[in-house]
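Hi everyone, thanks for making time this morning. I'd like to walk you through one structure, so please have a look at it on the screen.

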Amino acid sequence: MIKILKYITILVILFISLALSLNQKSKIKLRYTILPIENSEKVFSQCSRGTPKYAKIIVVGDSINTKAIEYLIEKRDTIIGLVNIKIENYTYQLTSFKHKLKNFIYINANITNEEMENKLSWKQFPIIWCDGNSSSWGAVYDIKKNVIIDFQTNGPLVSMIEKI
């Protein structure tokens with residue numbers, strides 16, 4: 001009887017731990033903005049990392065942009081595996097674009113600091129960083145495939161999944 005209670009207690013503790021860890025993932029909220037179309041082109045002028053080729057800046061629905069952010073949260077362990085970052089410590093700027101008849105979202109991520117917290121201009125104008133390694137990174141989200149196909153930090157290339 002004591003052994004059964006011991007096993008039940010262990011199972012309950014494991015179940016609660018699992019439930020709490022899953023709940024933590026869903027509670028992560030990322031700070032992001034959708035750049036205005038008139039300022040979006042400038043985000044592709046990063047000086048320390050490659051950016052995707054694009055034919056045209058486009059507008060997609062809010063639900064699609066939200067899906068890209070949700071993908072970052074869902075796959076954050078994979079991103080952390082590429083470079084040691086905490087995705088919740090970044091500010092994200094999203095720009096939608098078309099290339100070879102496909103639609104993508106470019107995610108411009110920059111470490112959030114006090115200066116960033118106090119400035120609202122990050123919601124209007126692209127942040128361009130030179131150097132900085134993982135303090136600034138960019139990713140291309142394939143809308144149709146619901147996957148990130150390119151991820152680069154400022155500095156050396158971290159991972160290339162598929163070149164657009």
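Let's begin with Asn-146, which is partly exposed at a relative accessible area of 29%; here buried means under 20% relative accessible area, exposed over 50%, and partly exposed in between, with a 1.4 Å probe and protein chains only. Asn-146 lies in the loop between β5 (136–142) and β6 (147–153). Strands and helices here are DSSP runs, numbered from the N terminus, where a helix is H or I with at least four residues and a strand is E with at least two. The phi of Asn-146 is positive, near 55 degrees, in a residue other than glycine.

A word on where this comes from: it is a predicted model, so local features need pLDDT of at least 70 and side-chain atom pairs count only at pLDDT 80 or more, while totals for chains, interfaces and linings use all residues. Residues are numbered from 1 along each chain as its sequence is written, and side-chain values use heavy atoms, with hydrogens and water left out.

How confident is the predictor, then, on the pLDDT scale from 0 to 100 for each residue? The protein chain has a mean pLDDT of 81, and 76% of its residues reach 70 or more. Over residues 157–164, though, the pLDDT is below 50, and beyond near neighbours in sequence this stretch has 23 contacts in the model, a contact being heavy atoms within 4.5 Å.

Now to β3. Nine of its ten residues are buried, so β3 is largely enclosed by the rest of the structure. Which strands pair with it? Two strands pair if DSSP finds at least two bridges between them. Strand β1 (residues 31–34) pairs with β3 in the parallel sense, over four bridges, and Tyr-32 stands opposite Tyr-92 in β3. Strand β2 (residues 56–58) runs antiparallel to β3, joined by three bridges; there, Lys-56 faces Lys-98 in β3. Then β4 runs antiparallel to β3 with ten bridges, and Ser-96 stands opposite Ile-105 in β4.

Finally, the turn of that hairpin. It has two residues between β3 and β4, and Lys-100 takes a positive phi near 50 degrees. Leu-101 sits in the loop between β3 (90–99) and β4 (102–111) and has a positive phi of about 65 degrees, although it is not a glycine. Is Leu-101 buried or exposed? At 80% relative accessibility, Leu-101 counts as exposed.
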